[in-house]
Amino acid sequence: MNATLTFDAVHAGDELPELSYPVTATTVVLGALAARDWRPMHHDYDFAVNRNGTQDIFMNTPNQAAWFERYVTDWTGPTGRLGRMTFRMSGSVFPGDTMTLRATVESTETDRAGCGWAKLAVALTVAGDVKTTCSVRVAIPTAADDNPWTRRGDQWIP
Amino acid sequence: MSGSPGATLPPQVASLIGQVQYEETGEFPVERGYVWTTCASVENGNPLFWDDAVAEDITGGPIAPPTMLSAWFRPHHWSPGRDVQPMPLQIHFDLKEIFDLPEAVMSDNTIIFYEPVRMGDRLRTRQILQSVSEPKTTKLGTGRFWVIDVEYLNQRDELVGVESYTGFGYRREGSPS
């Protein structure tokens, strides 16, 4: 995890360090239960295959969100503050998959309140196939003494 | 995707678009056990969630990972005296029933984060159906897409987040109607 990433060090076209992770049934079930998602397609193989028609149990959306959050804040450090995330799922992530997260900085901006933002295009792939894309808007300190977490009300424009 | 009631929408669905429904308060206060379990599930070492001194310095005390918003409203799998399992995103399940679509998946999800969620917060939520599509056929089957917004507020009536879900309710090809 970065100690403190500041806005001046972030530029369009920058690539974030890649993260790869071997997904197991435990990954899927632990993630679903941590999100309090008891639906059987995330822990019951028979239900997933014979009712949902999928090849196995699969990772749920809130847990994927948690993976994206971890990935982005590994890069920003704790002063990075998420503003907005948009996911598009095009395929499922199953036990036995090795998922890889990659991201590129699409753009940067300073908003009217003076907050520095990076827009990231993040992709979760398995064996080169894109399973989920995520557009992330994350606030990054504009200087060593700036802290996006102190912004409230009209000073926080996510 | 239809942003307004389409000609083929049943009146009971068309009348729900834009209406606030299912306002409810979470069954339990925000607590650190789930924060740590969630962080463990994705190996998230952000010190905001593990180191109280760092959390105090940066966020004014411990907070929950922003992406945990929906977790605080998912009902217990069982509780005494309850006969019916309440469903999070109840509108999603209502639409499955209304359209007689036995299967469903979520395709898109946008989350906007506002005030940080803190330990002990009692959050409340409300759901708003934004749109329902005409019938569509995908590789999963034939059904409809719908968009549901979920707003989250804390006990001080501060907005902490808004989630917008796109769901696809469907019937697999060849399955009985």
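In chain B of this predicted model, 71% of the contacts with a separation of 6 or more join residues 24 or more positions apart. Chain B contains four helices and six strands, and their order along the sequence is α-β-α-α-α-β-β-β-β-β. The C-alpha trace of chain B spans about 55 × 35 × 30 Å along its principal axes. Of its 177 residues, 35% count as buried.

How far can the coordinates be trusted? The mean pLDDT of chain B is 91, with 93% of its residues at 70 or more. Residues 1-6 of chain B are another matter, as pLDDT stays under 50 there and the model has 12 contacts beyond four places in sequence for them. Where pLDDT is low, the predicted coordinates should not be read in detail. For the complex, the predictor gives an ipTM of 0.95 and a pTM of 0.86.

We can now turn to the place where the two chains meet.

Five bridges join it to strand β2 (residues 81-89) of chain A, and the two strands run antiparallel. Within this pairing, A:Met85 stands opposite B:Ile111. Leaving aside residues up to four places away in sequence, A:Met85 touches B:Thr110 and B:Ile111 in chain B, together with A:Ala65, A:Phe68, A:Cys134 and A:Val136.

In soluble globular proteins, nonpolar side chains tend to be buried together. Here the largest nonpolar core has 75 residues, and A:Met85 is listed among those with the most contacts inside it, along with A:Phe68, A:Val72, A:Val122, A:Val136, A:Val138 and B:Ile148. Helix α3 (residues 61-76) of chain A gives the most to this core, with seven residues.

An α-helix has 3.6 residues a turn, so residues three or four places apart point the same way.

After α2(B) comes B:Glu43, which lies in the loop between α2 and α3 of chain B. Most residues other than glycine have a negative phi, and most peptide bonds are trans. B:Glu43 has a positive phi of about 55° although it is not a glycine. B:Glu43 is exposed, with 12 other C-beta atoms within 10 Å. In chain A, A:Ala127 has a positive phi of about 50° and is likewise not a glycine. A:Ala127 sits in the loop between β4 (116-126) and β5 (129-140) of chain A, and A:Ala127 is exposed, with 9 other C-beta atoms within 10 Å.

Key:
Residues are numbered from 1 along each chain as its sequence is written. Chains are lettered from A and ligands numbered from 1 in the order in which they are written. This is a predicted model: local features need pLDDT of at least 70, side-chain atom pairs count only at pLDDT 80 or more; totals for chains, interfaces and linings use all residues. Two strands pair if DSSP finds at least two bridges between them. A nonpolar core is a set of buried Ala, Val, Leu, Ile, Met, Phe, Trp, Tyr and Cys residues joined through C-beta atoms within 7 Å. A residue is buried if 20 or more other C-beta atoms lie within 10 Å of its own, exposed if 12 or fewer, and partly exposed in between; C-beta atoms are placed from the backbone. Two residues are in contact if their C-beta atoms, placed from the backbone, lie within 7 Å. pLDDT is the predictor's confidence in each residue, from 0 to 100.
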